[in-house]
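Try each task before reading its solution.

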Amino acid sequence: MPDRYKLFGLCVEAELSLPELVPADDNQPADVAIRLGALPDGLTADSGASMADAAMVLNIPDVARYLISDGRDILVEALAGESERNIRLFLLGSAFGALLHQRGLLPLHANAIEVDGRAIGFLGHSGAGKSTIAAWFHDRGHPILADDVCVVTFGDDGRPLAHPGIPRFRLWRDALERRGGDADQYQRSFDGMDKYDVPTSLGPTRDPIALDRLYLLGKSEPDALLPAIRRLSGVAAVDALIANTYRGFYLRLMGGAARHATACIALARAIPIYTADRIWGHDCLDAEAMKLDAHARGVDETVITRAPAAG
Amino acid sequence: MGEDFIVHRREGLIEAEVDGELVALHVDNGTCYGFNVTATQIWAMIAEPKRMSELTQALAAEFDVDPQTCAADVHDLLKDLEADGLVEMRHAGAAS
């Protein structure tokens, strides 16, 4: 019997164990089947993503090849001797990203946390500090809704919903140690990488919750003139969503860009999207995250400006 | 008067109002454009293809500006929209 999990509201049946996911607790039919086996002959050997008819082939050198089809099936051909951790990283990352696009879902490149029953998302590319901020909120009692990928759908009333993703966050060794953790007690995110998977200790969220707002994480200088947190409107808001869609460039290969653009516009109309530029560095994290926390709990239009530097 | 054009909206665009701003999005390349007040008005006027000369006359009357200045401004704006792939301009002979 394959293992069954819940991810992004989908029931996932898998022939390999996926310990980072939440086990499915009901008997609903599987939406997604992950199988192990050889990919059909004649597919491209090019690395990266490419199309084979309507299916997507993802070729990760030295790790595995993945064939993603019909928004339902992922066939994994692992390289002999490759660690399951590395195979899972690309399976639950890029390969699942392709599958979500095939299903016409909107996967944002965002971490999401739960604040007072609402979802708050932090958008940004890899390295923007999504996990660092999510971890800060988690350590103050806010459950993690999604790590790195947050799927958004629209309810019957048109309001956006954020679906539970992977309940974990990933931190570099120094961030872990500053948090008081011992890196050696955690699983590395990838073999040889000094980044670690931290399971959430607050229990997973099982149901989708209303997405209240998004913050696009950026970096600012201490003497920045613009407010650190400011609302994006119109084009800037839509652009932020398009640019921060997880594996959005796959849409150029597989089609579906019009549907995706329509979803981004609908989301930009439905909720406020802010840029949140923060001063980087561990010494500033507390102060900067507290501003975000205050903003997320405050009224929509509150703009928090940084006090002018002395002198 | 210079040459006239028939102005069309390009296909493959998604448009919507977001926060009171008209946003047009190129499906092909994901590029997003925000329209200012004048561009928004012209966009509404070319829901059906229109001659540039008609657009100029209507706008000159509405904003009470001299027709020649208006013609030059409308031409420049349309050329910008054309360069961004938002409108198509087809030659329509000399303006009357």
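**Exercise 1: a helix pair in chain A**

Show which residues bring the two helices together: A:Thr132, A:Ile133 and A:Trp136 in α2(A) meet A:Leu285, A:Ala289 and A:Leu292 in α7(A). This is a predicted model, in which local features need pLDDT of at least 70 and side-chain atom pairs count only at pLDDT 80 or more, while totals for chains, interfaces and linings use all residues. Residues are numbered from 1 along each chain as its sequence is written, and chains are lettered from A and ligands numbered from 1 in the order in which they are written.

Solution. Begin with the contact criterion, by which two residues are in contact if their C-beta atoms, placed from the backbone, lie within 7 Å. Helices (H or I, at least four residues) and strands (E, at least two) are DSSP runs, numbered from the N terminus. Next take the geometry: helix α2 (residues 130–138) of chain A and α7(A) pack at an angle of about 75 degrees, and their axes are 11 Å apart. Axes here are lines fitted to C-alpha atoms, for helices over the stretch in contact, and angles run from 0 to 180 degrees between N-to-C directions. That angle makes α2(A) roughly perpendicular to α7(A), given that angles under 35 degrees count as roughly parallel, over 145 as roughly antiparallel, 65 to 115 as roughly perpendicular and the rest as oblique. Finally, sort by class: the contact of α2(A) with α7(A) has five nonpolar, one polar and no charged residues, where Ala, Val, Leu, Ile, Met, Phe, Trp, Tyr, Cys and Pro count as nonpolar, Asp, Glu, Lys and Arg as charged, and the others, Gly among them, as polar.

**Exercise 2: a helix pair in chain B**

Solution. Leaving aside neighbours within four places in sequence, B:Ala60 is in contact with B:Val65, B:Pro67 and B:Cys70. The residues of the contact of α2(B) with α3(B) divide into nine nonpolar, two polar and no charged.

**Exercise 3: between the chains**

Which helix of chain A gives the most to the side that touches chain B?

Solution. Start from the totals, in which 14 residues of chain A are in contact with 12 residues of chain B. α4 (234–243) and α6 (257–270) of chain A each supply at least two residues of the side of chain A that touches chain B. α6(A) gives the most, with seven residues. By class, the residues of this side of chain A divide into nine nonpolar, three polar and two charged.
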